[in-house]
Amino acid sequence: MAEASIETRGLTRLFKDNRAVDGLDLTIAEGELFGLIGPDGAGKTTTLRLLAGLLAISAGEARVAGHDLRKEAEAIKPHIGYMAQEFSLYAELTVAENLQFFSEIYAVDPTQILEKSERLLAFAGLNEFKQRRAEHLSGGMKKKLALACTLIHDPQILLLDEPTTGVDPVSRREFWEILTELNLGGTTIVVSTPYMDEADRCARVGLMYQGRMVFCDTPMAIREQLPGDVVELHTQDWRAARGVVASLPGVLQVQTYGESLHLIVDSAEQRLPQLVCALEDHNIPYRSLRAAPPRMEEAFISLIHQLQAHGES
Amino acid sequence: MSWRNIRAVIRKEIQHILRDRGTLIMVLITPTMILLIMAYSLTVDLEHIPIAALDQNRTSVSRAFIQQITAGEDLDLYAQVGSIDEIESMLVKGEIKAAVVIAPDFSETVLSLRGLPMQVIIDGTEPESGYFAVDHIGQRVERFIRDVMADQMQAIGVPEEALLPIDIRIRAWYNPGLKPRVDMIPGLISMVLGFPALSVALTLAHEREHGTLEQLMVSPIGRADLLIGKMIPYIIVGMANVIIIPMLAMLWFDIPFNGSFPLFMLLSAFFLFGILSMGIIIGVFMHTQAAAMAVSFLLIFFPGFFLTGIFFPIASMPEVMRMEALFLPGTHYAVISRGLFLTGAGMDILWPYAVMLVGLGFVFTGVASLFFRKRLG
């Protein structure tokens, strides 16, 4: 494994009495694509802001790009690119002017600004909107412009806070293609996301819960955290079906996805026939009932449920 | 400090000012508006003050006296009344601001040169107009006495000059007519030119509210670079006012300008540096535009109004206030503005004030960059 780009030991941030980030131990290798997931308020944004030097550290240590965050927060800034969750560019400035401004404050070589801007605009698909004011861009284009501004100084490390929230699926996909390409070029990326399909594209994923990193591994390992198998049940009458199957022996969890129910069972092979019987007994019609490969989303919800149950007991 | 960073911030800020209509109006139109409103509401040249006369003498002499008093534009005879009660009722209703009561033995006493038995009653609830009336009645009385005496002297063959060994002539320098506007407007100018300080205070809070400050904080830009870069565009725009506002004073209000205009521009730039630095401090500490606005009024504009000597002389303030006034750029600039407009003072006299302005600017900017953290929360 390559040298660590980001390394934290017991990283903690308090807001009054609330431990927003609580004893975070994290090592992210150079060139890694790392995903941060977790429910709202879990501490993802605070973590990213701490790593960007935007918040003072309450306790613990952190090194980013080889610099101690506590002592040399300014020294890391030329090496990182940070993209806040909310749109944070100058609305009255055009696309080109925003890029120009950020290239100047990042001290990009003046002879390279034009060429770099052109490349990034092409990369982000914003070439024809160069003269448009940022405030008049669509949500997806704003995000791409923000990313372009974040990339103007070729940062080694990218810290992205839910970069695709509120963006349509096509733009989302395009955005991730850009990220993948950057990552292949060697950029270390830490990205928080509420979308599990995005988490699935990361090399490693950290699940945060109440300020702590409760799980940190590959997406595959997270999927394997599911305590059993997944059974997909498609039915019109999912409310009634849920009532019936939830109480069956061997059914650990029931998650609802639109018109389908995803059941986590201890063993699909063993429980499928019992499920069929139960549904027929209660006269609940269904379109399909089959074992399915576990997905990130189910694993995520299952883990959160376990944590919540653990917290309550 | 990097000139490249400062220049980038300046360019961005000017683009913002020019494209954001609210900011543009705030920095370019508001000072003119405020000067007009204040000049008209605060510096009314008094005229046509209504007074009443109670003539208990009823002779040609007393009638000539009343006529003499109300001959000018300053005092108008509202009514001739028959009793003190009538005067009181008119004063209470606000129909008159003052009254002249002439004693029954007026003509006799005056003609025998023994005195001037009369009384002036003023409305103490409105001392401005009251004192104005007393003042002007006094002037008229003087002239009346001189006329009467001249007649009497001639009658007995004594030359007039023999009776007036002391001749006091008061001349108000720099403002011969003692018109309040001439004195007030250069003072007001020093106040309204500081208005862009509010925009500067708001611009940092605006960036904070819109998340753009967060983006600047993760960049390597120096704190002083950012603050200086934010201030310079408002000094540039403020200089437009430094030309517009004196023009307005000279052409519209007929205020004389006796000093050097280039010097006025230079010292105004110093003043803008001083007062905009105050705005920057407020922007550093206040995290929302609403708070920045409120505090700007509290720390810049109210003290600018009351403590800088525009309305109340600083010499008559308590010590603490005088000390506070020293820290307000407006205090020093009011002296400069009045000096250049009215007395035509030069750098030989104004240099200490100029030094104070620049000094305050550096102190305030220093404090602002010291306390400005590239951190959230």
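The domain bounds used here come from an automatic or database domain assignment. The model is a predicted one, and in it chain A is divided into domain 1, which covers 4-223, and domain 2, which covers 229-293. Taken over C-alpha atoms, the centres of domain 1 of chain A and domain 2 of chain A are separated by 40 Å.

Chain B holds 16 helices and 4 strands. With 377 residues, chain B would have a radius of gyration of 21 Å by the globule rule, but its value is 28 Å, well over that figure, so chain B is more spread out than a compact globule. Along the principal axes, the C-alpha atoms of chain B fill a box of roughly 95 × 45 × 40 Å. Of its 377 residues, 39% count as buried, and among the contacts in chain B with a separation of 6 or more, 79% are accounted for by residues 24 or more positions apart.

Where the two chains touch, 25 residues of chain A and 20 residues of chain B take part in the contact. On the chain B side, helix H1 (3-19) and helix H10 (212-217) each supply at least two residues, and the largest share, 7 residues, comes from H1(B). The table divides the residues of the side of chain B that touches chain A by their kind.

| Kind of residue, chain B side | Number |
|---|---|
| Nonpolar | 6 residues |
| Polar | 8 residues |

Key
Residues are numbered from 1 along each chain as its sequence is written. Chains are lettered from A and ligands numbered from 1 in the order in which they are written. This is a predicted model: local features need pLDDT of at least 70, side-chain atom pairs count only at pLDDT 80 or more; totals for chains, interfaces and linings use all residues. The radius of gyration is taken over C-alpha atoms; the globule rule is 2.2 Å times the number of residues to the power 0.38. A residue is buried if 20 or more other C-beta atoms lie within 10 Å of its own, exposed if 12 or fewer, and partly exposed in between; C-beta atoms are placed from the backbone. Two residues are in contact if their C-beta atoms, placed from the backbone, lie within 7 Å. Ala, Val, Leu, Ile, Met, Phe, Trp, Tyr, Cys and Pro count as nonpolar, Asp, Glu, Lys and Arg as charged, and the others, Gly among them, as polar.
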